[in-house]
Amino acid sequence: MSRNRPGVRSRSTADFAWSGPVQHTRGSVNRNQTFAAPGAREAVATEAAPVGLDLSVYPNPVRDRATVAVDLPEVAGVRAEVFDALGRRVATVEAGRLGAGFQSVPLDLGAVPAGLYIVRVTVGGEVATQTITVVR
């Protein structure tokens with residue numbers, strides 16, 4: 001048993017095989033990786049799953065201007081929309097077609113009141129969201 005967390009067994013590094021260097025894969029499932037819930041009789045094997053959009057909105061909380069950062073796998077059109085807690089769209093930025101790699105899109109929130117908002121970013125057919133807080 002682990003000394004840091006009661007009831008949790010620690011595993012040795014012999015349980016894992018690492019290879020590299022590889023490209024960024026945060027949030028993805030490794031090919032042929034298996035998962036098993038505690039007490040499960042069998043593990044679930046997976047093939048590589050799509051990574052999805054790597055989205056970040058900062059600073060958070062924000063006063064006036066935020067930056068939407070997205071890692072694009074290829075050239076794609078990017079649109080950012082901001083919705084309030086009632087689902088009303090309060091801001092939209094059509095960034096147009098951006099190149100592959102990490103891209104940033106400025107987001108002006110100076111005209112919206114303080115509160116909690118959802119930023120929805122659409123890239124091609126993929127959509128990612130993040131919650132942000134506007135403070136005054």
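Predicted model: local features only at pLDDT ≥ 70, side-chain atom pairs only at ≥ 80, totals over all residues.
Residues are numbered from 1 along each chain as its sequence is written, and side-chain values use heavy atoms, with hydrogens and water left out.

**Entry: the sheet of four strands**

I looked up the strand order of this open sheet and found E6-E5-E8-E9, with antiparallel pairing. Its edge strands, each pairing on one side only, are E6 (89–98) and E9 (126–134). Neighbouring strands here are turned by 15° against each other on average, direction ignored; for such angles, axes are lines fitted to C-alpha atoms, for helices over the stretch in contact, and the values run from 0 to 180 degrees between N-to-C directions. I then followed strand E5 (residues 76–83), which is joined to E6 by eight bridges in an antiparallel run, and I noted that Gly77 stands opposite Arg97 in E6.

**Entry: Gly124**

I next turned to the loop between strand E8 (115–123) and E9, where Gly124 is found. Is Gly124 buried or exposed? I recorded Gly124 as exposed, because its relative accessible area is 59%, given that buried means under 20% relative accessible area, exposed over 50%, and partly exposed in between (1.4 Å probe, protein chains only). I also checked Gly124 against Arg79: the two are 45 residues apart in sequence and 9.1 Å apart in space, C-alpha to C-alpha.

**Entry: the sheet of three strands**

I found a further open sheet, of three strands in the order E3-E4-E7, again with antiparallel pairing. Strand E3 (54–58) and strand E7 (101–108) are its edge strands, each of which pairs on one side only. Between E4 (residues 65–72) and E7, which run antiparallel, I noted eight bridges, and Leu72 stands opposite Gly101 in E7.

**Entry: the loop between E3 and E4**

Which residues does a cis peptide bond with omega of about -10° join? I found Tyr58 and Pro59, and I placed Pro59 in the loop between E3 and E4. A cis peptide bond also joins Asn60 and Pro61, with omega of about 15°, and Pro61 lies in the loop between E3 and E4.

Conventions: Pairing = 2+ DSSP bridges. Helix = DSSP H or I, 4+ residues; strand = E, 2+ residues; numbered from the N terminus.
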